[in-house]
Amino acid sequence: FKDIKNSKIGYIIRTGVGKYQAKALNENALSNSWRANTYVSVNTNYPIWLSKQKNLTLEERYRYSPVPINSSLYINATLDSSYSFYENGKYQNTIGARIGPSLTMGNFSKKFFDYTKIMIMLGGKFKQGGSPFAFDEAVDLGTLNLSLTQQIMGPLLLHSEFKFNIDRSSEFYGKVIDSKVEARWQRRSYDLGIYYNPKKAIGGFTIRLNDFDFDGL
């Protein structure tokens, strides 16, 4: 990430080649093919409103987070593109964009309900070609993402996110295409989580370690 006039710009470039065996797109059978893929993403957030920093002690600022949190309103935007080529001559190219606000309320320093974050993202995607694999086919060309994170007590957070298909030409229009609920125990240097994905009926545990290069007080 790079800071440019209070906004942050980040990018991802990923490429790879592999031999895949997976379910065919329109058949109840496995398909085998080499696949070469390149993915590029640029994302940014721009501050619309930033609250004044409260006079908090260092312990209060870093009690539950590796970075200080203040109330704010940002506009987030992402532009991405993917290029995939297959050994049978097929290809699939996509270019998409997502944009929406994220609102943060609170400082995450008190013991109860001092942190709320709401994010909304609208996305659209254009596609050329198609994939021989079901997992790789771009089908959700219009999406709406909603997420909510809420402090309950101390370091305990509840997080939920839902993704809807809003492409009127899709057979999945209006349906939830991805979802996740998570309970997270968050401290400055680490957080522990347990999550469940109702859409995919899978769950698991997460462990995150923060700031190996932390040089603050």
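Which residue in β4 does T38 stand opposite? I looked it up: T38 stands opposite Y83.

Before going on, I noted that the model is predicted, with local features needing pLDDT of at least 70, side-chain atom pairs counting only at pLDDT 80 or more, and totals for chains, interfaces and linings using all residues. Residues are numbered from 1 along each chain as its sequence is written, and side-chain values use heavy atoms, without hydrogens and water.

I took helices (H or I, at least four residues) and strands (E, at least two) as DSSP runs, numbered from the N terminus. I counted two strands as paired if DSSP finds at least two bridges between them.

Entry on β2 and β3. I find β2 at residues 7–23 and β3 at residues 30–50, antiparallel and joined by 16 bridges. I checked K19 and found its bridge partner in β3 to be W34.

Entry on β3 and β4. I place β4 at residues 72–86, and its pairing with β3 is antiparallel over 15 bridges. Besides T38 and Y83, I recorded R35, whose bridge partner in β4 is Y86.

Entry on β4 and β5. I see β5 at residues 91–105, running antiparallel to β4 with 14 bridges between the two. Opposite T78 I found R98 in β5. Four residues lie between β4 and β5 in their hairpin. I also read the phi of G89 in that turn, which is positive at about 95 degrees.
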